[in-house]
Structures are given as structure tokens and as C-alpha cells.
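My notes follow in the order in which I looked.

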Amino acid sequence: MIEILIGRDEKTSRLAIVYNGKGYIVDVQDVPLSVSRCKPKEKKGHCSLIIGTSGKMKIQNLVSENVTYVNGEAVDVQNVDENSIVELGYDQYRISVKKILKVIGYERPYSIKHLKRVWEKYDKAMLKLQIEQQKKQNQQKLQGILSQLSMLCVIIPSVIPSIPIPVALRVVLVVGALGLGIYFYIKGGKVDDSFVMKKRELEENFRDDYVCPKCGSFMGNRPYEDIEGQKQCSKCQCKYVS
């Protein structure tokens, strides 16, 4: 957790912040007297900006007599973001949360929680696709076996006359084998039903969705757990939270 003290500088009467024991002057203009002074040694100020490990921020008023406003309302503690309107004292001296973060060099972490769903969806879809492909291959093997059996039924009677096979059975086997062969040939020829096309479409969608929330670079085919453990982007170095 990060806590930044905010108030009127003791020496210059300008807006000051204290972070990690170091003081910074934020604005060049004087701050009204309704803004409490920032006293680093006593860890006192008009208010404090508190940033959690997940990047969520809140403003906490430290002096009840000198009120703090967030989006026009007096608050004791209120969640804020970089674009929130924060004002100090009854003169409502406006401060920029974004500017304060820039002064201390803070860069908020980016949530990658949504990438877990993206990875799980892709992983399950790919597994399902592979199983379907294996089933098709097994069906094709079965068709081949039936074709071979039908041919044997035709050949056996001429080679071994002592093994009679009814003509009706031979006709059924031959017709069945031919029918299966034609069915699998037609089905396998459909482009939108092919393994290659489905796999390509799945991977293209995955590449579009499985990206860094800041720079948009593709995470690769690494499981979500690996990226979560890495804690930051390998390209832009932004920090991750899950």
C-alpha cells in the first residue's frame, strides 16, 4: 500500500505532497489558508491519497475542520481515480490526482483477471477440437476396415469355394462401404468443417484477445498461471495484478 500526504507547504505555501519521506512541490500557485499544512515529520496533512496493491485509490480527509471534496461532495474517505475532481478546503482548491501520480513516478498496475477466462476458453476449445479430429480419424479408419472387409467378402468365395458367403450379404457390405466412403469424402471436403480452418479461426481470435491490457502485445501460448506469476509485461514492463 502507498500513502501520499497532501497539503500546503510550510515554507512556500504551495501545494506539497510527501511520498516515502520525500517532499515534492506540485503547483506553482499559492494554496488558500483553508488547506491544512503538510507536516512530514508529524505525518500530518490536509488529506492523503492511498493506493492499494491492486491500484485502487482513495482520498482520506485528515482534518475534519478543513473539509475535502470529491466530485463536489464533502467526504471522509472516498474512492477516486485519475479523473476524479478532488478539492481541498472551503475555498475548494482543486488538485490533480493524475499530476500527483506523475510527480512521484507512479504507474498503476493493470488487471489481467479477464485473461484467465480467455485462456480457459481457448484451452477447452482447442481440446474439444482435437478430440473431434481424433473421432473423425477413427471414423475414417473404420470406413477403411469396412471397405477391406467388403472386398474380402467378394474375393473369398472365388479363392476358397468351401466358404460360401450369401450374395445379399456381399451386396450390403459393398454398398455400405461405398456409402461410408462417399459420406466421409463429402464431409471432409467442406472447408468450414475442416480441422485446419477451425483451428486457424480459434487461434486468430485467441491472438486478438490474449494481449497485454496496456501495450496490446500477444502473450503467446503460455498458460495464464505463467503470466500471473511473471507480474509484468515482457514488452512494455507494466505491472500486472490479478
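**Entry 1**

I looked up Glu107 and found it partly exposed, with a relative accessible area of 40%. I count a residue as buried under 20% relative accessible area, exposed over 50%, and partly exposed in between, using a 1.4 Å probe and protein chains only. This is a predicted model, in which local features need pLDDT of at least 70 and side-chain atom pairs count only at pLDDT 80 or more, while totals for chains, interfaces and linings use all residues. Residues are numbered from 1 along each chain as its sequence is written, and side-chain values use heavy atoms, with hydrogens and water left out.

Which side chain meets Glu107 in a salt bridge? I found Lys214, at 2.4 Å from N to O. A salt bridge here is a side-chain nitrogen of Lys or Arg within 4 Å of a carboxyl oxygen of Asp or Glu. The pair links distant parts of the chain, 107 residues apart: Glu107 sits in the loop between α1 and β11 (110-111), and Lys214 in the loop between α4 (195-209) and α5 (224-230). I take helices (H or I, at least four residues) and strands (E, at least two) as DSSP runs, numbered from the N terminus. Lys214 is also partly exposed, with a relative accessible area of 39%.

**Entry 2: other salt bridges**

I searched the whole structure and got five salt bridges. One of them joins Asp27 and Lys99, whose closest N and O atoms are 2.9 Å apart. Asp27 lies in strand β3 (residues 22-30) and Lys99 in helix α1 (residues 97-103), so this pair ties together parts that are 72 residues apart in sequence. Asp27 is buried at 14% relative accessible area, whereas Lys99 is partly exposed at 38%.

I also noted Glu203 and Lys199, whose side chains meet in a salt bridge of 2.8 Å, N to O. Why are they separated by about one helical turn? They are four residues apart in helix α4. Glu203 is partly exposed at 28% relative accessibility, and Lys199 is partly exposed with a relative accessible area of 28%.

**Entry 3: Arg8**

I then looked for a charged residue without a partner. Arg8 is in strand β1 and is buried yet has no salt bridge. How far away is the nearest side chain of opposite charge? It belongs to Asp91, 8.8 Å away, with Lys and Arg counted as positive, Asp and Glu as negative, and His and the chain ends not counted. A polar atom of the Arg8 side chain does lie 3.0 Å from the backbone oxygen of Val35. Leaving out residues up to four places away in sequence, Arg8 touches several others, among them Ser13, Arg14, Pro32 and Cys38; contact means heavy atoms within 4.5 Å.

**Entry 4: strand β4**

I checked β4 (residues 47-51) and found five of its five residues buried. Cys47, Leu49 and Ile51 point one way, and Ser48 and Ile50 the other. What does β4 pair with? Five bridges join β1 (residues 2-8) to β4, running antiparallel, and Leu5 has Ser48 as its bridge partner in β4. Another five bridges join β4 to β5 (residues 57-61), also antiparallel, where Ile50 is partnered with Lys58. β4 and β5 form a hairpin with five residues between them, and Gly55 in the turn has a positive phi of about 95°.

**Entry 5: Thr68**

Thr68 is in strand β6 (residues 68-70) and is buried, at 0% relative accessibility. Its side chain makes polar contacts with the side chains of His46, at 3.2 Å, and Asn61, at 2.6 Å. A polar contact is a pair of N or O atoms within 3.5 Å; within protein, one must be able to donate a hydrogen and the other to accept it, and residues adjacent in sequence count only if both atoms are side-chain atoms. Thr68 also touches Cys47, Ile59 and Val86, among others.

**Entry 6: totals**

For the protein I recorded five helices and 12 strands. Buried residues make up 33% of the 242 residues.

Technical notes
Pairing = 2+ DSSP bridges.
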